[in-house]
Structures are given as C-alpha cells and as structure tokens.
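Colleague: I've got a few minutes before group meeting. Could you walk me through this one?

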Amino acid sequence: MAEPMKIRATLQGDVADVRILMLHPMETGARRDSRGDIVPQHFIQNVAVTHNGKTVLDAQWSQAISRNPFLGLRIKGAKLGDKLSVTWVDNKGDKRTDEGTVAAAS
C-alpha cells in the first residue's frame, strides 16, 4: 500500500485552500534501470476529491505527471471542520484514500 497523502486545508473567509501531496513513483515507462531494462509504467490514473461527501474534483491523469505529485485547489463555501476525502487509483489497480479537515489559517 502507498504512503499516506499529506492533506492541508486552511480556511480563508469562506474558501478552503487545499493542498495535497501524493507520494507515488509515477513511472512513465520510458526510464531505464541500472541494468538497462525499461522500468514499467506505474502512474496515478484517477484522482477524486470530495468535500462533505460531494465530489468537487474528478481528474484523469497520465504518466506525464511528475513523481510525488502536488495538487492544489480552492473550495468555495467551506467551513471549519468540514471533511475532505482524497482518493487516487493507479494503472496497476492500487488505490489510496485519505481524509482531512478544514482548519483555521495560521
């Protein structure tokens, strides 16, 4: 199973500034290892973000995204303590879901 995502959501007025770091190798299938063999593709294909159970982002990615991708978005109408859930699925069928809450800006 993949490492947990780092999710940070801070409230600024009624808008949540959400930042997500996903730890994933994101292999393109074009790189070679030390023996000269091609490293197989392994990348996140789908990312979904929900705010209090409502989908606010549903994205399809490819191998063109860098290793350990960072995603930032803003959610209007957020309140302190609102629940966020982030799910990704990669091309090998691995899946990761992590949750966070909206906090006050520091």
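Colleague: Which residues does Leu71 touch, not counting residues up to four places away in sequence?

Modeller: Quick caveat: this is a predicted model, where local features need pLDDT of at least 70, side-chain atom pairs count only at pLDDT 80 or more, and totals for chains, interfaces and linings use all residues. Residues are numbered from 1 along each chain as its sequence is written, and side-chain values use heavy atoms, with hydrogens and water left out. Taking a contact as heavy atoms within 4.5 Å, Leu71 touches Val18, Arg19, Ile20, Met22, Val47, Val49, Leu57 and Trp61.

Colleague: Which residues have the most contacts inside the largest nonpolar core?

Modeller: A nonpolar core here is a set of buried Ala, Val, Leu, Ile, Met, Phe, Trp, Tyr and Cys residues joined through side-chain atoms within 4.5 Å, buried being under 20% relative accessible area with a 1.4 Å probe, protein chains only. The largest has 22 residues. β1 (6-12), β2 (15-21), β3 (44-51), β5 (70-76) and β6 (83-90) each give it at least two. Those with the most contacts inside that core are Val18, Ile20, Met22, Val47, Trp61 and Leu71.

Colleague: How many strands are there?

Modeller: Strands are DSSP runs of E, at least two residues, and helices are runs of H or I, at least four, numbered from the N terminus. The elements run β-β-β-β-β-β-β. With zero helices, the strand count is seven.

Colleague: And what share of the protein is buried?

Modeller: The C-alpha atoms fill a box of roughly 55 × 25 × 20 Å along the principal axes. Of the 106 residues, the buried share is 37%.

Conventions: Buried < 20%, exposed > 50% of the residue type's maximum accessible area, 1.4 Å probe, protein only.
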